[in-house]
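Have the structure open beside you, try each task, and then read on.

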Amino acid sequence: DICVLQGSVSVYEYLMSKGTQWKRVYSPSSHPLLSIKASGVSGRRQKQEDRSEDTHADSDMLEMQRLWDGYLEHNKAAVRAGSAVVAIRSVSCGLEDIGNVAPLYRNVFKLEPLAKRYASSKPKGAPKRKLDMARSNSATRIKRLALDTSTGASSAEDGDGMAVDTDVDVANPDGIDQDQIFTEQCATTESALIEAIGLPSFTPVAYITPDLQLLQVPRDWVETLDLASKTSVQLDSQFEPMHPVYVLAGSQGQGKSTFSRQLINRLLSRYGRMFFIEADLGQPELSPPGSLSLTMITEPLLGPPFTHTSLVEPYHAVYMGMLSPKNNPDRYVLAVQRLVSVYRDYISSERAIRVQSGDGDAAAFSTAHEVDLQTIPLVVNTQGWLKGLGLDLHYSLCEAVQPTNYIQMYDPALQQQQGQQPGYDGDIGRDESGNIAPLIDFSSITGQPPRLTWISAMGYDRATQVLLEKPAATIIAGADDGDNDEGDSGALSGGTNEQSARKGFKLVPRDMRDLSLISHFYLGGNSSSSQQPCSPVLRQIESPVWSMRTPLAARRPLVVPWSDLVIWLGDEDVPPSQLLRSLNGTVVGVIAVASAPSSSGHMWSDDEIRGLYLGGKGISDQAAVRLSEPGSRVILRAVSEERSEQARSTGSGMGRNGLPQIVYGHPSADSTTFLSHALVRSVDPVDGNLHILLPPLIVSGQSPNALNRIVGIFRGPGPAAAGVELPIWAMTNGGYGERAIGLSAAHGPNASVPLGAKEAPYISVEYDAGVGASTKRTGGALLRRSLQ
């Protein structure tokens with residue numbers, strides 16, 4: 001946690017000044033490291049904190065400020081004018097124990113000492129004996145070389161009979177990698193800093209080794225961010241602010257998500273709140289995979305996506321149940337249109353409230369600050385599929401959103417190969433020769449054309465190459481080393497030209513999805529969550545807690561009668577007789593009645609929600625029809641009860657509650673919303689119950705009235721059709737699977753296994769004597785190449 005005691009700083013492009021509350025920062029070694037940079041900008045406009053009556057300064061922060069002010073009274077001369085002072089406190093939020101759930105990521109929050117990092121990541125070079133000789137002989141040989149050069153000799157015999165070449169590099173006369181010698185000095189500096197600071201979860205980095213990566217901010221990114229945070233908001237003919245809408249476009253792996261976080265933080269520093277539409281199903285920022293969401297953001301995003309996934313309930317969300325829209329493009333477009341409509345309705349409702357209160361006239365906006373307080377920007381993060389059908393979907397998205405600012409990423413290496421220079425912020429996004437065109441022809445879209453901006457892509461490969469091209473330099477996390485060619489937001493980075501690629505752990509899209517799902521299922525919460533005034537939007541959790549100690553397999557599930565749920569199957573043709581088997585052990589989307597007004601302005605009341613149910617008989621057929629999209633096929637409960645009665649009479653035992661309320665179709669995007677993912681832990685066909693595992697954030701009541709608003713679950717197409725999949729090791733962590741296999745092997749092929757197998761659901765363990773006599777059957781996720 002970081003707070004500012006003097007001056008102002010920038011973290012991930014988020015401006016923090018004196019008096020700002022503690023902000024949680026995550027900087028795992030698996031992602032580009034963050035830096036704390038002193039900033040000359042002050043006076044952050046904290047709209048949400050100004051409005052909230054229940055916002056109080058933290059006691060630790062007040063104590064830190066008191067101690068610092070007391071120090072300044074007697075040591076003013078010791079503090080340089082214009083410097084920034086920050087307080088850092090160590091926290092334990094549970095996310096550092098992610099290795100208990102996902103062994104593959106057990107070291108993302110651990111950092112080895114510099115000497116060990118350098119030794120393990122450095123390519124094999126000169127042996128230690130030769131390096132020792134270089135250290136002892138460098139000074140002597142440089143003196144002799146200088147002497148020979150002064151006498152004009154091109155080469156000379158030294159006292160040991162060795163020829164000294166005057167063309168040798170004076171800085172590296174032995175041809176030894178001096179970077180390794182220099183790194184020892186950095187290691188000493190880093191160790192001294194760690195010992196002096198003494199925080200267990202804060203490690204200042206004094207040298208960027210090839211296994212790490214520093215967050216890079218290209219200069220054109222900085223210019224675009226400055227433009228977004230400094231351009232004056234325009235007023236329309238009714239003296240209402242024209243809310244800026246940003247659409248980010250770029251292929252996969254170009255740094256689109258990184259730039260979107262920086263843009264969000266810049267906008268938050270100015271406006272205090274904003275909306276964010278997640279239109280990327282595979283790699284979402286705030287919502288779990290498989291859903292499209294509209295979320296109000298009030299706190300900065302100071303970390304990778306899995307550190308803030310589901311930290312706030314979306315204002316409205318649509319569950320697709322798949323990682324790509326290619327199987328249902330029409331519903332994808334309709335979902336985006338619905339989210340944009342909800343955003344515009346929210347803007348209109350706020351304006352109506354101001355008009356009713358008498359603040360909706362021009363006098364209310366006497367200053368630019370007052371205009372910013374009433375402005376709610378929108379950022380839309382798009383998918384990286386920009387070819388064929390993907391480009392058509394992107395066009396439909398822009399047609400629905402009608403952005404005021406369209407930011408498109410380009411590959412500078414590719415443009416250089418083609419001999420083209422991108423037109424930066426041109427009228428139509430072309431260079432003088434007309435060679436580069438934007439992805440979208442906005443002349444064919446109704447409305448005012450947006451401002452087009454080109455920024456260079458900063459994906460993994462280019463960021464690594466930038467690090468390697470820079471000269472070796474000592475850096476200290478948080479130090480401002482001034483401007484550099486890339487305009488980074490912290491310090492220079494170290495690297496050597498002989499290194500061709502970063503050696504650290506690289507996350508692929510599937511890894512990011514796994515981390516987001518794990519974070520989602522294990523996220524708890526705290527008492528800092530509160531409703532915003534005059535709005536159903538849930539504020540972000542400022543101090544989240546993850547419960548990584550208890551595995552999902554050992555967690556007590558929520559027992560829900562399936563008569564109280566509508567089960568949507570989407571486009572899957574699952575026979576009703578096989579429904580329970582198809583649900584068992586799957587990840588489903590939890591559907592609740594919408595908290596945002598519908599397109600007709602309807603808001604669900606508690607009485608209306610209770611009216612969906614027929615007392616103890618469960619949800620009604622009319623409610624299932626009302627909650628589903630038009631054209632969905634609803635299996636009426638009367639038919640289900642008749643079939644279940646026949647099943648009971650024949651002894652097949654379908655349960656006292658009959659079959660669930662089945663709908664072959666999708667939940668209505670207008671009257672329902674996606675709440676969270678859930679895992680169907682088991683099915684009880686006798687009593688007619690589903691045992692469901694929900695995120696602790698939902699079960700604990702941190703999301704107000706969430707459980708009472710749940711009306712059904714949506715079963716996606718499954719992993720075979722690019723559906724959402726929970727990694728098998730997220731359910732069997734804690735050594736359950738290993739103990740089951742070990743005990744089976746220890747007791748022999750015919751002995752019973754008293755422990756392990758029952759604790760590891762959905763894993764079948766067999767043992768026979770002899771190599772290759774049998775196969776251990778496990779979940780498909782265990783067999784992925786990344787986990788072998």
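**Exercise 1. Decide whether L580 is buried or exposed, and say which helix holds L580.**

Step 1. Recall the cut-offs: a residue is buried under 20% relative accessible area, exposed over 50% and partly exposed in between, using a 1.4 Å probe and protein chains only.
Step 2. L580 has a relative accessible area of 12%, so L580 is buried.
Step 3. L580 sits in helix α14, residues 579–583. Helices are DSSP runs of H or I with at least four residues, strands are runs of E with at least two, and both are numbered from the N terminus.
Step 4. Now look across to L690: 110 residues separate L580 and L690 in sequence, while their C-alpha atoms are 9.1 Å apart in space.

A word on the model: it is predicted, so local features need pLDDT of at least 70 and side-chain atom pairs count only at pLDDT 80 or more, whereas totals for chains, interfaces and linings use all residues. Residues are numbered from 1 along each chain as its sequence is written, and side-chain values use heavy atoms, with hydrogens and water left out.

**Exercise 2. Find how many helices and strands the protein has, and what share of its residues count as buried.**

Step 1. The protein has 20 helices and 22 strands.
Step 2. Of its 788 residues, 52% count as buried.
Step 3. Contact means heavy atoms within 4.5 Å. Among contacts between residues at least 6 apart in sequence, 76% join residues at least 24 apart.

**Exercise 3. Describe the surroundings of T295: which residues is T295 in contact with, leaving aside neighbours within four places in sequence?**

Step 1. T295 belongs to strand β10.
Step 2. With 2% relative accessibility, T295 counts as buried.
Step 3. Once neighbours within four places are set aside, the contacts of T295 are M274, F275, F276, L286, V312, P314 and Y315.

**Exercise 4. Work out how helix α6 packs against helix α7.**

Step 1. Axes are lines fitted to C-alpha atoms, for helices over the stretch in contact, and angles run from 0 to 180 degrees between N-to-C directions.
Step 2. For α6 (residues 219–230) and α7 (residues 256–271), the angle is about 30° and the axes are 9 Å apart.
Step 3. That makes α6 roughly parallel to α7. The classes are roughly parallel under 35 degrees, roughly antiparallel over 145, roughly perpendicular from 65 to 115, and oblique for the rest.
Step 4. The crossing of α6 and α7 is right-handed. A crossing is right-handed if the near helix is turned clockwise from the far one by less than a right angle, and left-handed if anticlockwise.
Step 5. On the α6 side, the contact includes W221 and L225, and on the α7 side it includes F259 and L263.
Step 6. By class, this contact of α6 with α7 has 7 nonpolar, 4 polar and 4 charged residues. Here Ala, Val, Leu, Ile, Met, Phe, Trp, Tyr, Cys and Pro count as nonpolar, Asp, Glu, Lys and Arg as charged, and the others, Gly among them, as polar.

**Exercise 5. Repeat the analysis for helix α8 and helix α10.**

Step 1. α8 (residues 329–357) and α10 (residues 389–401) pack at about 20°, with axes 9 Å apart.
Step 2. That makes α8 roughly parallel to α10.
Step 3. α8 passes α10 in a right-handed crossing.
Step 4. Residues of α8 including Y332, V336 and V340 meet residues of α10 including L393 and L397.
Step 5. The contact of α8 with α10 has 10 nonpolar, 2 polar and 1 charged residues.

**Exercise 6. Trace the salt bridges: how many are there?**

Step 1. A salt bridge is a side-chain nitrogen of Lys or Arg within 4 Å of a carboxyl oxygen of Asp or Glu. By this rule the count is 15 salt bridges.
Step 2. K23 and E299 form one, at 2.7 Å from N to O. K23 lies in the loop between β3 (14–17) and β4 (36–39) and E299 in the loop between β10 (291–297) and β11 (316–319), so the pair ties together parts 276 residues apart in sequence. Both K23 and E299 are buried.
Step 3. R89 pairs with D60, their closest N and O atoms being 3.1 Å apart. R89 is partly exposed at 21% relative accessibility, and D60 is partly exposed at 40%.
Step 4. D1, R24, D60 and R89 are linked in a network of salt bridges.
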